[in-house]
Amino acid sequence: MPFNDQKIIPAARTIKQFDKVVKSEFEYIVLLEVHLSHLRALKQEAERHGKKLIIHADLIHGLKTDNFAADYLCNDIRPAGIISTRSNMILKAKSRGILAIQRVFLIDTIALEKSYSLLEQTAPDFIELLPGVIPEMIKEVYTHTGIPVITGGLIRTDEQIKQAFDAGAIAITTSNKELWKRFQKVVD
């Protein structure tokens, strides 16, 4: 049962959003676009509230996505998961027993083919496929790779959520607070 069967994974883009979602009923949360200096305190706050923090390494301000950054995240911060487009981040997370989530953008056929090659090399635990409003691609990517697919990006309606799940997505990441509210009881 990936993510303890949590279907919506809120993605906090600001500390203010993080403060709201950390008090919610969601167990897993994604952290986007915060400054490097806040990571340790936010990880501790998440743990204090019993949350499992997934950090999007590519979006942390002040953090490069080189091997030193991968070591820092995996050894010093130790989140529940790391999302990245970078193979070094994914490989380091896997080697440290941290959920490795490879982000893949659906830009065009060439980008998709390059992503398939990268996915063969990194063998992440999950793929985060963006944008999530192309359900037929969810099924195709899962069929091609055999790796469970999370999706996100531009998903705004309950119908789009249903289509993503019907196509085989195991979860949806979203920074849309209205979707957070509809999929759990207590987000102030």
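Visitor: What relative accessible area does Asp71 have?

Guide: The structure shown is a predicted model. Residues under 20% count as buried and those over 50% as exposed, with partly exposed in between. Asp71 falls in the class in between, because its relative accessible area is 24%.

Visitor: With which residue does the side chain of Asp71 meet in a salt bridge at 3.9 Å, N to O?

Guide: A salt bridge requires a side-chain nitrogen of Lys or Arg within 4 Å of a carboxyl oxygen of Asp or Glu. At 3.9 Å, N to O, the partner of Asp71 is Arg96.

Visitor: How many residues apart are Asp71 and Arg96?

Guide: The salt bridge between Asp71 and Arg96, at 3.9 Å, links distant parts of the chain. Asp71 belongs to helix H3 (residues 67-77), whereas Arg96 sits in the loop between helix H4 (87-95) and strand E5 (99-105). Arg96 is partly exposed, with a relative accessible area of 30%.

Visitor: Which residue is linked with Asp71 and Arg96 in a network of salt bridges?

Guide: Asp71 and Arg96 meet in a salt bridge of their own. The network of salt bridges that includes them also takes in Lys92.

Visitor: How many salt bridges does the model contain?

Guide: The count rests on a cut-off of 4 Å between nitrogen and oxygen. Among the pairs are Lys7 with Asp5, at 3.8 Å, and Glu178 with Lys181, at 3.7 Å. The count comes to 10.

Visitor: In which helix do Glu178 and Lys181 both lie?

Guide: Glu178 and Lys181 are joined by a salt bridge of 3.7 Å, N to O. Glu178 has a relative accessibility of 46% and so counts as partly exposed; Lys181, at 41%, is partly exposed too. The two are three residues apart, about one turn of the helix, and that helix is H8 (residues 177-182).

Visitor: What is the relative accessibility of Asp5, the partner of Lys7?

Guide: The side chains of Lys7 and Asp5 meet at 3.8 Å, N to O. Lys7 is partly exposed, with a relative accessible area of 36%. Asp5 also counts as partly exposed, because its relative accessibility is 44%.

Visitor: How far from Lys51 is the nearest side chain of opposite charge?

Guide: Lys51 is placed in the loop between H2 and strand E3 (52-56). Lys51 is buried and has no salt bridge. Its side chain reaches the backbone oxygen of Phe26 at 2.7 Å. The nearest side chain of opposite charge belongs to Glu27, at a distance of 8.3 Å.

Visitor: Which residues gather with Arg13 in a patch of positive charge on the surface?

Guide: Arg13 is found in the loop between strand E1 (8-12) and helix H1 (15-21). Patch members need over 30% relative accessible area and no salt bridge. Arg13 is above that limit, because its relative accessibility is 41%, which counts as partly exposed. Gathered with Arg13 in the patch are Lys16, Lys20 and Lys177.

Visitor: Which residue makes a side-chain polar contact of 2.5 Å with Thr173?

Guide: Thr173 belongs to strand E8 (residues 171-174). Thr173 counts as buried, because its relative accessible area is 9%, and the limit is under 20%. At 2.5 Å, the side chain in polar contact with that of Thr173 is from Glu128.

Visitor: What is the omega of the peptide bond from Leu130 to Pro131?

Guide: Most peptide bonds are trans. The bond from Leu130 to Pro131 is cis, and Pro131 lies in the loop between strand E6 (126-130) and helix H6 (135-145). Omega of this bond is near -5°.

Visitor: What is the phi of Phe3?

Guide: Most residues other than glycine have a negative phi. Phe3, in the segment before E1, has a positive value. Phe3 is also buried, because its relative accessible area is 3%. Its phi is near 55°.

Visitor: What is the phi of Glu33?

Guide: Glu33 is placed in the loop between strand E2 (28-31) and helix H2 (39-48). Glu33 is partly exposed, with a relative accessible area of 39%. Its phi is positive, near 50°.

How values were computed:
Residues are numbered from 1 along each chain as its sequence is written. This is a predicted model: local features need pLDDT of at least 70, side-chain atom pairs count only at pLDDT 80 or more; totals for chains, interfaces and linings use all residues. Side-chain values use heavy atoms; hydrogens and water are left out. Patches are made of residues with over 30% relative accessible area and no salt bridge: like charges are joined within 9 Å, nonpolar side chains (Val, Leu, Ile, Met, Phe, Trp, Tyr) within 5 Å. Accessible areas come from the Shrake-Rupley method with a 1.4 Å probe; for residues, only the protein chains shown count as cover. Lys and Arg count as positive and Asp and Glu as negative; His and the chain ends are not counted. The place of a charge is taken as NZ of Lys, CZ of Arg, CG of Asp or CD of Glu. Helices (H or I, at least four residues) and strands (E, at least two) are DSSP runs, numbered from the N terminus. Buried means under 20% relative accessible area, exposed over 50%, partly exposed in between (1.4 Å probe, protein chains only). A polar contact is a pair of N or O atoms within 3.5 Å; within protein, one must be able to donate a hydrogen and the other to accept it, and residues adjacent in sequence count only if both atoms are side-chain atoms.
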